[in-house]
Amino acid sequence: MGRRFLLLLGALWLVVAAGLYAAFVVLPPVQTLGDSYRIFYVEFPSALTMYVAFTVTLAAGLLFLRRREPRWDRIAYASAKLGLLFTTLTLVTGSLWAGVSWGSYWNWDPVETTTLVLWFLFVGYFLLRRFVEDREAAARVAAVFSIFAYAGVPMTYISTRVGFSLHPTSGTIGLEPAMRLAAWVMLAGFVGVYALLLRTDVSLSAMERAAEEAAWTSS
Amino acid sequence: MGSTSTLLVRELREEFRTRETLSLVVLFALLVDLLYSAALGPFPEVRDVAPGLLWLLLLFTAMLTLPRGLAKEREAGTLEGLLASPAPAGSIYLAKMLAGLLFLLASLGVAFPVFFVLLGYPYPASPGGGLGVLALGAAGMAAVGSVFSLLLVQARAREMLLPVLLAPVLFPFLLSGVAALRKVLLGFPEEAGREVLLLAVYTGVMLTLALLTAEFALEE
């Protein structure tokens, strides 16, 4: 792999390591939740990166529908893969946090529930692509599906506040400036990792495609 | 839209001739009522869960009924002809959607009252309102389910893929719908304003998106 890739990866390692060090060693525990809140430094950037990935999938899908360049579909697909990864991470860390702080691992909290629905939407996206044979049709159909999926997410959030109104929402934790800084550092690290992985994945699938085509034309 | 009504009339005339789909849809909905009895036993305490059960009944019926629009064409060998026709994709979608909606409304008309009889539920406060909420539910499900059926026209394992795709997208709709229905059936329809608004907005948004994307779904 290229020098630049390794340098970027190294830099991101440092950023995330610094963030984690701050989160788990340097910063003090918080008033009500004590030490258990520290998982927030992983859960928060995960959740935001998940939304970034979802948005990129939608945008790339729309660009594919408009321009029909395979590049956009590769980006959409790679972003969806990473999105699923970060969604899973968010669900697991969020659930652990809830289990430790409030005793139950799942509370139908609006954000929690929306994340779970998002997980199913991502998985649906992959299944849809897998079950449509023609590659171009799969890309097109998946892009349309991602439009509906994306439109559903804000309504999912609103509906959980309306439909589950008896349940408490996750409160905001009082964050001092130093904590906020650590959170943003982690976010930058996570989004950086996402962007790097995205680029790598897109280049790899472009190379795969080129190799396939070369093999096809030379046979 | 002239082509929409032409296509819709074609759908209905075909259905009126055989009444196959209608019988299956209504029968299925009634069977769900029967299965509920099996699942819950005689005279269960259903007041809390009745709204949810009714919405699930609608959802299951929709998942099986909505793909029939295209499946019928495929079975009759008319699918290619339909797709190749000059009718705009939006019209094809709208005709299938409205036909699907009519089937769902018919099944609700029968299965809704039977539900209350079979499960021994005391007469609900506002049955007309309840049916109204479920009718709106049918509209939203038909809007999304029909466009997804179009998306799946070239897919394998359609019968399983549709529910898998539909369920997470319909989740907010279902959640609001159950909340709305609960309030209506318990006699507080005035309190259901926000939920019904959400149902209406969802249906409107999805219908608009479907009309905008139908052509992409039906490309060859």
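Colleague: How far apart are the end C-alpha atoms of α4(A), and what should its 22 residues span?

Modeller: The 22 residues of α4(A) should span 32 Å at 1.5 Å a residue, and its end C-alpha atoms are 32 Å apart, so the two values agree. The expected span is 1.5 Å times one less than the number of residues. Helices (H or I, at least four residues) and strands (E, at least two) are DSSP runs, numbered from the N terminus.

Colleague: What kind of model is this, and how are residues and chains labelled?

Modeller: This is a predicted model, in which local features need pLDDT of at least 70 and side-chain atom pairs count only at pLDDT 80 or more, while totals for chains, interfaces and linings use all residues. Residues are numbered from 1 along each chain as its sequence is written, chains are lettered from A and ligands numbered from 1 in the order in which they are written, and side-chain values use heavy atoms, with hydrogens and water left out.

Colleague: Which residue caps the N-terminal end of α4(A)?

Modeller: A:Asp109 does, with a side-chain oxygen 3.0 Å from the backbone nitrogen of A:Val111.

Colleague: And A:Leu116, what does it touch?

Modeller: A:Leu116 is found in helix α4 of chain A. Leaving out residues up to four places away in sequence, A:Leu116 touches A:Leu91 and A:Trp106; contact means heavy atoms within 4.5 Å. A:Leu116 is partly exposed because its relative accessible area is 23%, where buried means under 20%, exposed over 50% and partly exposed in between (1.4 Å probe, protein chains only).

Colleague: Which residue pairs with A:Arg129 in a salt bridge?

Modeller: The side chain of A:Arg129 meets that of A:Asp73, 2.7 Å from N to O. The pair links distant parts of the chain, with A:Arg129 in helix α4 and A:Asp73 in helix α3 (residues 70-102) of chain A, 56 residues apart. A salt bridge is a side-chain nitrogen of Lys or Arg within 4 Å of a carboxyl oxygen of Asp or Glu.

Colleague: Are those two buried or exposed?

Modeller: A:Arg129 counts as buried because its relative accessibility is 13%, and A:Asp73 counts as buried at 12%.

Colleague: Changing topic, how much area is buried between chain A and chain B?

Modeller: The area is about 2,800 Å², of which carbon and sulfur atoms give 78%. A:Phe131, A:Phe148 and A:Met155 supply 26% of the area that chain A buries against chain B, more than any other three residues. Buried area is the accessible area (1.4 Å probe) that two parts lose on being put together, summed over both.

Colleague: How many salt bridges lie across that interface?

Modeller: The rule finds three across the interface of chain A and chain B. A:Arg68 and B:Glu219 meet in a salt bridge at 2.8 Å, N to O.

Colleague: Which elements of chain A give two or more residues to that side?

Modeller: They are α4 (110-131) and α5 (135-163) of chain A. The largest share, 16 residues, comes from α5(A).

Colleague: In chain B, which residue forms a salt bridge with B:Arg17?

Modeller: The partner is B:Glu14, with the closest N and O atoms 2.7 Å apart. B:Arg17 and B:Glu14 both lie in helix α1 (residues 2-18) of chain B, three residues apart, about one turn of the helix. B:Arg17 counts as exposed because its relative accessibility is 61%, whereas B:Glu14 is partly exposed at 40%.

Key: Polar contact = N/O pair within 3.5 Å; in protein donor to acceptor, adjacent residues only side chain to side chain.
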